[in-house]
Amino acid sequence: MKVLDLRCAHDHRFEGWFASEEEAQSQIARDLVQCPVCGDHAVTRLPSAPRLNLSGATAPKGAAKPAQQAATAAAPATLQALYMKAVKQVLAQTEDVGERFAEEARRMHYDEAPERGIRGSASPEEVQALAEEGIETFPLIVPDALKQTAH
Ligand SMILES: [Zn+2]
C-alpha cells in the first residue's frame with residue numbers, strides 16, 4: 001500500500017492510496033485520480049516532506065478518508081445495540097406473567113389487579129380480543145442473546 005500526498009489544481013490537498021508506486025504514477029497520468037473536494041482530475045503529487053512537518057498546524061487532515069464506508073457499516077450494529085438496550089429495559093421493567101398474559105392484562109384493565117408492566121405470551125386471537133376490549137399490547141421480539149435473562 002502506497003499513500004501519497006496529492007494536490008489538485010485548486011490547491012486542495014488530500015491523500016491517495018495506491019497498490020504500488022507504479023500504480024500511483026499510472027493512475028495520476030491517466031487522470032484516474034480525483035480530488036475528493038472538487039472532483040478535479042488535474043492532480044499532482046506533493047513531495048512527501050509535509051508528512052515530516054510535525055508542526056504542520058494547517059495541514060488538512062482526513063479529507064480523503066473513507067468515512068462514509070465506516071458510517072454505513074456501523075449503522076446496523078448501532079441499531080441492533082439500541083434495540084437490545086430497549087428490550088433489556090422492557091424486560092427489566094415488566095413482570096413476566098408467561099401464559100397468563102391475556103388474563104393479567106384483562107384484570108389490570110378492569111382494575112382487578114394492580115397496574116404494572118407485564119410481558120408474556122399471547123396468541124394472535126388473544127391479542128385481537130384484548131384490542132377489541134380497548135387493551136393495548138405490542139409485540140416484543142426478544143433476541144436470543146437476551147432470552148436467558150428473560151426469566
Ligand atoms: Zn480540489
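**Legends to the close-up views**

**View A. Strand 1 and strand 3 (residues 44-45) pair in the antiparallel sense through two bridges.** The model is predicted, so local features need pLDDT of at least 70 and side-chain atom pairs count only at pLDDT 80 or more, whereas totals for chains, interfaces and linings use all residues. Residues are numbered from 1 along each chain as its sequence is written, and side-chain values use heavy atoms, with hydrogens and water left out. Strands (E, at least two residues) and helices (H or I, at least four residues) are DSSP runs, numbered from the N terminus. Two strands pair if DSSP finds at least two bridges between them. In this pairing, Leu6 lies opposite Arg45 of strand 3. The open sheet has three strands in the order 2-1-3, with antiparallel pairing. Strand 2 and strand 3 are at the edges with a single partner strand each, so one side of each has no neighbour in the sheet.

**View B. Strand 1 (residues 2-7) and strand 2 (residues 13-18) run antiparallel and are joined by six bridges.** Lys2 has Phe18 of strand 2 as its bridge partner. Further along, Leu4 faces Gly16 and Arg7 faces Arg13. Five residues lie between the strands of this hairpin, where Asp11 adopts a positive phi near 65 degrees.

View C. Cys8, in the loop between strand 1 and strand 2, and Cys35, in the loop between helix 1 (21-29) and strand 3, are 27 residues apart and link distant parts of the chain.

**View D. The axes of helix 3 (residues 101-109) and helix 4 (residues 124-132) come within 10 Å and cross at roughly 10 degrees.** Helix 3 is therefore roughly parallel to helix 4, the term for angles under 35 degrees. Axes are lines fitted to C-alpha atoms, for helices over the stretch in contact, with angles from 0 to 180 degrees between N-to-C directions. Phe101, Ala102, Ala105 and Arg106 of helix 3 make the contact with Glu126, Ala129 and Leu130 of helix 4; contact means heavy atoms within 4.5 Å.

Definitions and conventions:
Parallel < 35°, antiparallel > 145°, perpendicular 65-115°, else oblique.
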